[in-house]
Amino acid sequence: MNVLLFEDERVGQLAPVTIGRPAYAIACGSFRLIELVRELGAVRRTVRPHLRGVEQADSPDEMFGDGLLDGPTLLVNARLVPSPAAVAQLRAMIAADREGIVANGESVVAALMKRRLEIPTFGDGAALPAMVRKLLLPSVAADLPLFDYPHDILRHHLQNVRDNLQHRIRTGYREVADGLFVAEGVTLGEHLVTDTRGGPIVIDKGASLGPFCYLKGPIYMAPGSRLNEHSALKDGVTLGERAKVGGEVEASIIEPFSNKQHHGFLGHSYIGSWVNLGAGTSNSDLKNTYGQVNMDYAGRKTPTGMQFVGCFIGDNSKTAVNTSIFTGKTIGACSMVYGFVTTNVPSFTNYARSFSQVTESPVEVAISAQARMFTRRGITQRPCDEQLLRDMFAQTRTERANYGEPLPPEPLLL
């Protein structure tokens with residue numbers, strides 16, 4: 001069985017999360033979709049053109065360009081919320097061995113095709129779903145939700161993380177205390193306090209916890225992640241591979257290689273990869289009115305239906321010491337923020353609005369910073385990594401041009 005992951009025309013609505021990553025690589029409930037669908041068959045994937053270089057370098061055998069794919073093939077939308085329950089429904093479609101389609105409004109969620117499939121132009125998000133809809137395949141009833149906006153990632157994360165961790169536990173961990181599961185090579189600091197009444201705590205290979213930490217499940221710490229001394233993780237936190245965390249974190253996703261090493265509160269938020277949060281950085285995840293949080297996406301007010309929503313930070317962004325981020329704000333990729341973040345921040349921006357300075361950050365700065373961060377983690381920056389940053393910079397020009405205030409020409413001096 002071939003499994004073809006595809007990005008559709010709505011993947012851009014997930015910015016800043018998807019500016020530099022495919023939608024199937026979003027961590028939610030401790031899993032990524034790409035990890036789970038490999039259980040179904042040989043995976044092939046199509047992505048937006050600017051992501052192709054890094055994806056091919058990382059997984060050359062799974063990338064698919066123009067051409068023919070012999071059936072049977074299961075098409076899966078990259079925006080599908082990752083969960084074992086979703087995979088079980090996809091497995092049922094395969095077992096039924098009948099052509100069919102699962103749709104969510106105008107979006108194609110999944111389709112099983114037994115015929116030879118001609119892949120449209122590589123990275124054209126609208127072409128493949130349009131082709132599938134024209135085939136008028138029989139409808140298949142399934143509950144397969146999609147990510148539409150960044151806040152959906154947080155909502156589904158909190159809904160699924162407990163069940164997802166129960167599935168993960170079955171793959172082999174050792175229970176060292178009630179509800180506390182560890183893999184090989186885990187270091188647990190002295191005087192660790194755990195509360196697993198709300199869900200399990202799963203610590204993966206080589207992760208380490210300092211002394212005097214408090215963990216309230218459900219929690220997942222990925223391989224090589226680190227929790228500093230006197231830290232607290234609560235109510236649905238997942239840490240990505242080799243993430244380094246300190247202070248207080250609640251109900252949040254932190255992607256691989258990001259740093260929040262010092263004191264400060266992070267709540268109900270999504271943090272991309274290679275992000276560094278300066279000491280004392282804190283965000284608000286609750287309005288003073290205790291009302292529903294509304295997000296601003298590309299100038300459109302979007303209700304979340306949620307009372308607790310923090311911030312969404314794109315890959316490679318940084319915050320200065322004692323940065324304060326207001327409720328429901330997005331910070332684009334490769335940006336540097338200072339002071340009070342009271343509005344959304346475009347990608348590749350030096351944002352110090354409280355000091356009346358908002359300027360464009362040159363792509364060369366992001367490339368140099370990435371090279372230094374990679375070196376500190378023993379990773380070599382490849383030409384495709386540098387090119388991805390250049391492509392991200394070009395793709396987000398409109399985002400900066402449409403920012404609500406004119407960008408002053410002077411460089412940021414802080």
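Mentor: A note on the source comes before the features. This is a predicted model, in which local features need pLDDT of at least 70 and side-chain atom pairs count only at pLDDT 80 or more, while totals for chains, interfaces and linings use all residues. Residues are numbered from 1 along each chain as its sequence is written, and side-chain values use heavy atoms, with hydrogens and water left out.

Trainee: How many helices and strands does the protein have?

Mentor: Helices (H or I, at least four residues) and strands (E, at least two) are DSSP runs, numbered from the N terminus. Here the protein has 8 helices and 36 strands.

Trainee: What radius of gyration does the protein have, and what would a compact globule have?

Mentor: The radius is taken over C-alpha atoms, and the globule rule is 2.2 Å times the number of residues to the power 0.38. For 414 residues the rule gives a value near 22 Å, so the 21 Å of the protein agrees with a compact globule. Along the principal axes, the C-alpha atoms fill a box of roughly 60 × 55 × 45 Å.

Trainee: What share of the residues is buried?

Mentor: Buried means under 20% relative accessible area, exposed over 50%, and partly exposed in between (1.4 Å probe, protein chains only). Buried residues make up 56% of the 414 residues.

Trainee: Where does histidine 156 lie, and which residues is it in contact with?

Mentor: Contact means heavy atoms within 4.5 Å. Histidine 156 is placed in helix 5 (residues 150–169) and counts as buried because its relative accessible area is 6%. Leaving aside neighbours within four places in sequence, histidine 156 is in contact with Cys28, Val81, Pro145, Leu146 and Phe147.

Trainee: Which backbone features deserve a second look?

Mentor: Most residues other than glycine have a negative phi, and most peptide bonds are trans. In this model, the bond from alanine 15 to proline 16 is cis, with omega near 10°; proline 16 lies in the loop between strand 1 (2–6) and helix 1 (33–37). The bond from glycine 217 to proline 218 is also cis, with omega near 5°, and proline 218 lies in the loop between strand 14 (214–216) and strand 15 (219–221).

Trainee: What is the phi of aspartate 97, and what is that of cysteine 334?

Mentor: Aspartate 97 has a positive phi of about 60°, and cysteine 334 has a positive phi of about 60°. Aspartate 97 sits in the loop between helix 3 (84–96) and strand 5 (100–104), and its relative accessible area of 44% makes it partly exposed. Cysteine 334 sits in the loop between strand 32 (329–331) and strand 33 (336–337), and its area of 5% makes it buried.
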